[in-house]
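Biologist: I am new to this structure. Could you walk me through how to read it?

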Amino acid sequence: MNYSVRKFDAVIVGAGGAGLRAAIQLSEAGMKTAVLTKVFPTRSHTVAAQGGVAASLGNSEEDHWHWHMYDTVKGSDWLGDQDAIEFMCRKANEVVVELEHYGMPFDRTDSGKIYQRPFGGHMSNFGEKPVRRSCAAADRTGHAMLHAMYQRNVKANTQFFVEWQALDLVRDADGEVLGVTAMDMETGEIVVFHAKATIFATGGAGRIYYSSTNAFINTGDGVGMAARAGIPLEDMEFWQFHPTGVAGAGVLITEGVRGEGGILRNAQGERFMERYAPNAKDLASRDVVSRAMVTEINEGRGCGPNKDFVLLDITHLPPETIMKRLPGIHEIAVQFAGVDALKEPIPVVPTCHYQMGGIPTNYNGQVVVPGKRTQSEIVPGFYAAGECACASVHGANRLGTNSLLDLLVFGKSAGESAVAELRAGNRTHKPLPQECIDQTLARVNRLNTQKGGANVHETRLDMQRAMQKHAGVFRFKDMLAEGVEKILGIAEQVGQTEIADKSMVFNTARIEALELDNLIEVAKATIVSANARTESRGAHVRDDAPDTPANPNGRDDANWLKHSLWYREGNRLDYKSVKLTPLSVDSIELKTRAY
């Protein structure tokens, strides 16, 4: 099979918020930058982000970055690295104001400042009461963000390769990353993008689950490619289930609805969150709200003929507020739930939403792995940002609106790190290792020749149903162990999948098969890591790790205050310490997480 080589200073895989922000940094510094994306940039999954981006601007009431940092550490159930969390929270105001200067059309207060709304887990004065911290553009914040940054990239002459599927990392014998192999989805052409710096901004992998708010493009491509190249995956047992996906559809209903005053109710019409989080109520952290909803359903207080959802009620809000602040949500309720949210509540259920783990990085966006000479070593030429990366600022549970902040802060940080390396002359176009390219060609060629193998769609569906059943909102010891065996069995089928159409011209089946290669790596990392972690922490809650005086909330700090690292080779786990020391302030000490 033939291939060609194209050379760039930097190649960025993914054109969502993190990829576009990194590209701005590189292109405006004069670097020849290529961005590979499966879809047109403004259709990347960041477009689906609704509620806002967190920053302690204090435009409506007093706020402080240190309060934001405290909330993020607490939200992470103390599994977040406090140096990275401080870095993110201190940078928040700067990157949001930069975005405003790019032309981002934020909503405004009467005085003309950026409008901010409350969001789950964001509190003032170290957990005292909810605070308005989410900077919003109605309920279409991600959409507005992508358009603002894409236009900035067009101005900076960033080169986009639209409808290209990245296939594998190109990494030499010294461990240095030299670019990626990729396929033109229209023609089937294979190209090696030879780069001095490679940045992954490929988003999450929520499609490992049967019910997900994630788009069909969210197939963990960067995470899968990193795993195949020998990079460990960090904290993959932690998946956030968003409390409010439309029942039966999975479409996201932003937390901003509750920020504007929306209330969750059970079949009796009770505002049940008062029993689970008496202080924060409906604006408790997402994992807390999701578990409360599932508990209500499991105990028979669910709604509908099957009692399998609860209701999100905004009928008490003024119609003009809903149509000004939540117009997209009103439209989603009509289209996907068949209800007019002005007059009747929306049926909702927890749905897989966000991947807390990913490719291990530091707060400079550099990929770091355990090394032989030091505790951690930077992988030369390799950077990651956004949902595919694990800095780790989200730990065991991400606070709402910290995802868009993560994209901006670490997209910029990764871009800055790459620019510094390139300007210092530390990066060159080293010779390409033919072995890496041959492995990609063999993987594609197998799909062209495989006969009598497993069906891609059916195999993917088996994986999604197994993950939904065995590693959902609540996790059970025996179910996790059984899930490991199921997923490992499905992984063998993935290696033997067959596509019916063997033509090299635009072939959706071929792309789906290549995406499944990545999804199964994520599924394996998730189920193996979850089975091994015998405590409950954040979004990972096990029935055999209950709330006790010795381990409040089921959290076992003595044995499990550490990050997991899953290695594809040998399907093995290792662990590393959580960074409990911030950059400039006192450590936020461990305590029971309650709202």
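Biologist: Which residue in β8 stands opposite Val 170?

Modeller: First, a caution: this is a predicted model. Val 170 faces Gly 179 in β8. Behind that pair are two strands, β7 (residues 164-171) and β8 (residues 177-184). They run antiparallel and are joined by seven bridges.

Biologist: What do β7 and β8 form, and how many residues lie between them?

Modeller: They form a hairpin, with five residues between the strands. Look at Gly 175 in the turn: its phi is positive, about 90 degrees.

Biologist: Is β7 mostly covered or mostly open?

Modeller: In general, side chains of a regular strand alternate between the two faces of the sheet. Here, β7 is mostly covered, with eight of its eight residues buried.

Biologist: What lines the second largest pocket?

Modeller: Read a pocket by its volume, then its lining. The volume is about 530 Å³. The lining has 25 residues, and Val 288, Arg 291, Val 541, Asp 547 and Asn 553 lie nearest the centre. Helix α8 (residues 286-298) gives the most to this lining, with five residues.

Biologist: How many of the lining residues are nonpolar, polar and charged?

Modeller: The second largest pocket has 12 nonpolar, four polar and nine charged residues in its lining.

Notes
Residues numbered from 1 in each chain as written. Predicted model: local features only at pLDDT ≥ 70, side-chain atom pairs only at ≥ 80, totals over all residues. Heavy atoms only, no water. Buried < 20%, exposed > 50% of the residue type's maximum accessible area, 1.4 Å probe, protein only. Helix = DSSP H or I, 4+ residues; strand = E, 2+ residues; numbered from the N terminus. Pairing = 2+ DSSP bridges. 1 Å grid on protein atoms, 1.4 Å probe; cavity = no way out; pocket = protein on both sides within 12 Å on 5 of 7 lines; lining within 4 Å. Points joined across faces, edges and corners; volume = space filled by probe spheres on them. Nonpolar A, V, L, I, M, F, W, Y, C, P; charged D, E, K, R; others polar.
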